[in-house]
Amino acid sequence: MNAIRRTTLKAAGAAFLLASGLLHPLRALAATWNKAAFASKTPADALKSIGASSPLESKDILIEAPQIAENGLVVPIEITSNVPNTKSLAVIVEKNPFPLVAYFEFMEGTLPFLKINVKMGESSNVRVVAEAGGKHYTAVKEVKVTIGGCGG
């Protein structure tokens with residue numbers, strides 16, 4: 001009797017999550033990958049590939065990163081966008097061989113916050129680009145690296 005009850009409750013719970021829109025497994029599979037943007041060799045090409053050729057400077061994008069990273073293999077970066085209706089955030093490490101290191105899209109109502117670890121080959125500017133309302137906004141922070149992480 002308990003096994004039937006447990007199975008019924010699991011099925012009912014899963015049906016509720018699917019029906020209410022809280023669980024969309026197929027939506028995760030439908031995500032697209034911008035191969036051209038991640039294969040770009042220059043920051044300008046990466047910006048162009050994500051449709052942000054000339055983003056506007058913004059103080060509403062907050063970048064928390066160490067001023068000096070002792071090891072470029074793991075550089076922690078936290079990003080918060082206070083730009084209203086932020087749809088996406090892109091992280092570009094300007095002197096990396098492939099500058100676009102991360103790109104995230106956000107659903108409406110989601111807090112645009114990231115906490116990532118990036119690999120940096122040398123001291124460089126870290127540029128974050130936020131897309132909101134059909135426009136692109138950017139902020140930059142310099143990170144100095146004492147031991148590079150992108151070398152062979």
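Colleague: Which residues does Ser124 touch, leaving out those up to four places away in sequence?
Modeller: In this predicted model, Ser124 touches Val93, Glu94 and Lys95, and also Lys141, Glu142 and Val143.

Colleague: Where is Ser124 placed?
Modeller: Ser124 is in strand S8, which covers residues 124-132.

Colleague: Is Ser124 buried or exposed?
Modeller: Ser124 is buried, because its relative accessibility is 3% and the cut-off for buried is under 20%.

Colleague: And how many residues of S8 are buried?
Modeller: In S8, 8 of the 9 residues are buried, so the strand is mostly covered.

Colleague: Which residue of S9 stands opposite Ser124?
Modeller: Val143 in S9 stands opposite Ser124. Val143 is also among the residues that Ser124 touches.

Colleague: How many bridges are there between S8 and S9?
Modeller: There are 9 bridges between S8 and strand S9 (residues 135-145), and the two strands pair in the antiparallel sense.

Colleague: What about the hairpin of S8 and S9, how many residues are between the strands?
Modeller: There are 2 residues between the strands, and Gly133 in this hairpin takes a positive phi near 60°.

Colleague: Now S5. How many bridges join S5 to S8?
Modeller: S5 and S8 are joined by 7 bridges and run antiparallel. As one example, Val91 stands opposite Val128 in S8.

Colleague: Change of topic. How many salt bridges does the count come to?
Modeller: The count comes to 2 salt bridges. Side chains of opposite charge can pair when their charged atoms come close.

Colleague: Which residue does Glu94 form a salt bridge with?
Modeller: Glu94 forms a salt bridge with Arg127, and their closest N and O atoms are 3.0 Å apart. Glu94 lies in the loop between strand S5 (86-93) and strand S6 (100-105), while Arg127 is in strand S8, so the pair ties together parts that are 33 residues apart in sequence.

Colleague: Is Arg127 buried or exposed?
Modeller: Arg127 is buried, because its relative accessible area is 18% and buried means under 20%. Glu94 has 22% relative accessibility and so counts as partly exposed.

Colleague: And which side chain meets Lys115 in a salt bridge?
Modeller: The side chain of Glu78 meets Lys115, at 3.7 Å from N to O. This pair links distant parts of the chain, with Lys115 in strand S7 (residues 113-118) and Glu78 in strand S4 (residues 75-81), 37 residues apart.

Colleague: Is Lys115 buried or exposed?
Modeller: Lys115 counts as exposed, because its relative accessibility is 63% and the cut-off for exposed is over 50%. Glu78 has a relative accessible area of 30%, so Glu78 is partly exposed.

Key. Residues numbered from 1 in each chain as written. Predicted model: local features only at pLDDT ≥ 70, side-chain atom pairs only at ≥ 80, totals over all residues. Heavy atoms only, no water. Helix = DSSP H or I, 4+ residues; strand = E, 2+ residues; numbered from the N terminus. Buried < 20%, exposed > 50% of the residue type's maximum accessible area, 1.4 Å probe, protein only. Contact = heavy atoms within 4.5 Å. Salt bridge = Lys/Arg side-chain N within 4 Å of Asp/Glu carboxyl O. Pairing = 2+ DSSP bridges.
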